[in-house]
Amino acid sequence: MNQKEIQELIKFVSKSGVTEVEIEEKDFKITIKSEPKRKNESEEKTVYIQQPMQQMPQQPMQQQMPQAVAPAAPAPAADKGAAETASEDSKYITVKSPMIGTFYRSPSPDKPVFVEVGSTIKNGDPVCIIEAMKLFNEIESEVQGKIIKVLVDDASPVEYDQPLFLVDPS
């Protein structure tokens, strides 16, 4: 990594609002820390305006009750579906992005992808590449198992700690 790349990395960190970036290569390690950006005082001030509540016309209780009860009935079914999805995903391990950058599934456009849905991976196997500041970082698996789902599209931006893959450890 040359001096120009380091300067570009420092500029990127200062503009993006990231508070810490760590890059580790074979023969060196760089850690850049910055304080979080503060907003201008004009942006921090929020004005709340309270308006008096208007009176609703009184309706008999018999008319109000069916309206309140009817929408409440479908809600438990929706909660049940969300709970089932959450319990299914809880048995899987999530491989997350270790940095901010652009996610690539293959080493180059003309090469095959590192992993597909159904691929078996073990510790140390490359699963993707994340490009940050023109540096291509090969991301290796820290888990062992079978790829169940790819959660990010190829060549799309990713954030730190964003889920990339779901892995079945069994």
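S106 touches K111, P112, V113, F114 and I129, leaving aside residues up to four places away in sequence; a contact here means heavy atoms within 4.5 Å. This is a predicted model, in which local features need pLDDT of at least 70 and side-chain atom pairs count only at pLDDT 80 or more, while totals for chains, interfaces and linings use all residues. Residues are numbered from 1 along each chain as its sequence is written, and side-chain values use heavy atoms, with hydrogens and water left out.

Where does S106 lie? Look in the loop between β4 (101-104) and β5 (120-121); strands are DSSP runs of E with at least two residues, and helices are runs of H or I with at least four, numbered from the N terminus. S106 is buried, because its relative accessible area is 11%, and buried means under 20% (exposed is over 50%, partly exposed in between, with a 1.4 Å probe and protein chains only).

Now let's visit the largest nonpolar core, which has 15 residues. Such a core is a set of buried Ala, Val, Leu, Ile, Met, Phe, Trp, Tyr and Cys residues joined through side-chain atoms within 4.5 Å. β6 (126-132) and β10 (163-168) are the elements that give two or more residues to this core. F103 is among the residues with the most contacts inside the core, and the residues F103 touches include C128, V152, L164 and F165, again not counting those up to four places away in sequence. Apart from this core lies another, of eight residues, among them V13, V21, I30 and I32.
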